Amino acid sequence: MSEDHILFRVKEGIAFITLNRPAKHNAITAAMGGEIAKLARRIDTDASIKVLIIEGAGGRAFSAGSDVNALDDLGTPWDGRNRADYDRDYIAPLLGLRKPAIAAINGYCLGGGLEVAMCCDIRIATPNSSFGAPEVQRGWHAGSGNTSILPRLIGYGNAALWILTGDRFDAAEAYRVGLVQRIVDPDTLLSEARKIAARLALNPPIAVQSAKQIIKQSQGTSIAQGLAWENDGYTLCMMTEDAREGMAAFSEKRDPVFRGR
């Protein structure tokens with residue numbers, strides 16, 4: 001983007017998306033949403049990228065959500081409803097990523113920023129982080145996942161408390177209810193995210209992506225259906241070169257070399 005409000009880099013198989021509007025607490029505009037959507041699709045089709053890390057610039061916010069002052073950029077309410085048709089919907093591409101994603105959260109993680117974090121598979125935060133879905137306090141509710149994804153992550157009652165009050169909750173509470181997997185010092189946040197990403201990148205990509213897909217799918221169905229999907233995924237993985245390499249490396253007492261085949 002000409003304003004550099006979204007930064008992107010790839011290093012050693014790990015992609016980094018940085019929300020880069022620190023003066024506005026990394027509030028997301030429609031243009032930024034379009035750029036995130038494009039990058040998500042690029043990440044999913046680039047075989048050299050194994051994992052995504054999303055972070056916020058400036059040290060004060062992951063993202064304070066959608067830029068309320070720029071909501072008119074979406075057009076009419078009907079245009080906003082159909083924003084995916086205008087390539088401005090960043091939630092669906094992030095949520096649909098086949099590859100693992102990690103949110104490195106420091107500071108405000110509110111509204112649309114919370115939705116971005118929820119699209120990731122793993123969330124790491126600092127003691128400085130605060131979370132919330134404040135939209136109801138302004139006269140509307142979330143439009144991209146807080147009402148549907150958050151209850152699956154932290155339970156109905158906890159999600160209802162967060163969404164219906166619009167209040168903020170600290171990192172300790174986010175960890176208690178299971179939204180956040182780890183709380184680390186701000187100075188070690190990105191290194192911890194990189195450490196987890198590097199560990200994920202070592203694993204065979206077909207198995208990782210299959211496991212992620214089944215984990216997500218099984219959240220909305222019966223255990224029987226989840227087990228059926230799991231068995232199908234297992235069967236597919238066992239037919240890959242990576243599975244044969246994994247078994248051979250185990251027998252030969254060496255590190256495996258996976259090729260995503």
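1. The structure holds 8 salt bridges. A salt bridge here is a side-chain nitrogen of Lys or Arg within 4 Å of a carboxyl oxygen of Asp or Glu. As background, side chains of opposite charge can pair when their charged atoms come close. The model is predicted: local features need pLDDT of at least 70, side-chain atom pairs count only at pLDDT 80 or more, and totals for chains, interfaces and linings use all residues. Residues are numbered from 1 along each chain as its sequence is written, and side-chain values use heavy atoms, with hydrogens and water left out.

2. Helices (H or I, at least four residues) and strands (E, at least two) are DSSP runs, numbered from the N terminus.

3. Which residues are closest to the centre of the second largest pocket? Of the 20 residues in its lining, they are Cys120, Asp121, Lys212, Ile215 and Lys216. The volume of the second largest pocket is about 530 Å³. On a 1 Å grid over the protein atoms alone, a pocket is an open set of points with protein on both sides within 12 Å along at least five of seven lines, a cavity is a set of points where a 1.4 Å probe fits but cannot get out, and lining residues have an atom within 4 Å of a point. Grid points are joined across faces, edges and corners, and a volume is the space filled by probe spheres set on the points.

4. The elements that give two or more residues to the lining of the second largest pocket are α4 (112-119), β7 (122-125), α5 (146-154) and α9 (205-218). With 5 residues, α9 gives the most. By class, this lining has 12 nonpolar, 3 polar and 5 charged residues. The nonpolar class is Ala, Val, Leu, Ile, Met, Phe, Trp, Tyr, Cys and Pro; Asp, Glu, Lys and Arg count as charged, and the others, Gly among them, as polar.

5. There is 1 cavity of 30 Å³ or more, and the largest cavity has a volume of about 60 Å³. Its lining residues include Lys50, Val51, Pro100, Leu200 and Gln209. Two or more residues of this lining come from each of α8 (189-202) and α9. The largest share, 3 residues, is from α9. The lining divides into 6 nonpolar, 2 polar and 1 charged residues.

6. An open sheet of 6 strands has the order β1-β2-β3-β5-β7-β10, with mixed pairing. Two strands pair if DSSP finds at least two bridges between them. The edge strands, each pairing on one side only, are β1 (6-11) and β10 (182-183). Strand β5 (residues 101-105) runs parallel to β7 and is joined to it by 4 bridges; Ala104 stands opposite Ile124 in β7. Strands β7 and β10 are also parallel, joined by 2 bridges. On this side, Ile124 stands opposite Arg182 in β10, and the bridge partner of Ala125 is Ile183.

7. A further open sheet has 4 strands in the order β4-β6-β8-β9, again with mixed pairing. Its edge strands are β4 (61-63) and β9 (168-170). The twist averages 20° from one strand to the next. Strands β6 (residues 108-110) and β8 (residues 130-132) are parallel over 3 bridges, with Tyr108 opposite Ser130.

8. Helix α4 lies across β4, β6 and β8, at about 90° to β6. Contact means heavy atoms within 4.5 Å; axes are lines fitted to C-alpha atoms, for helices over the stretch in contact, and angles run from 0 to 180 degrees between N-to-C directions.
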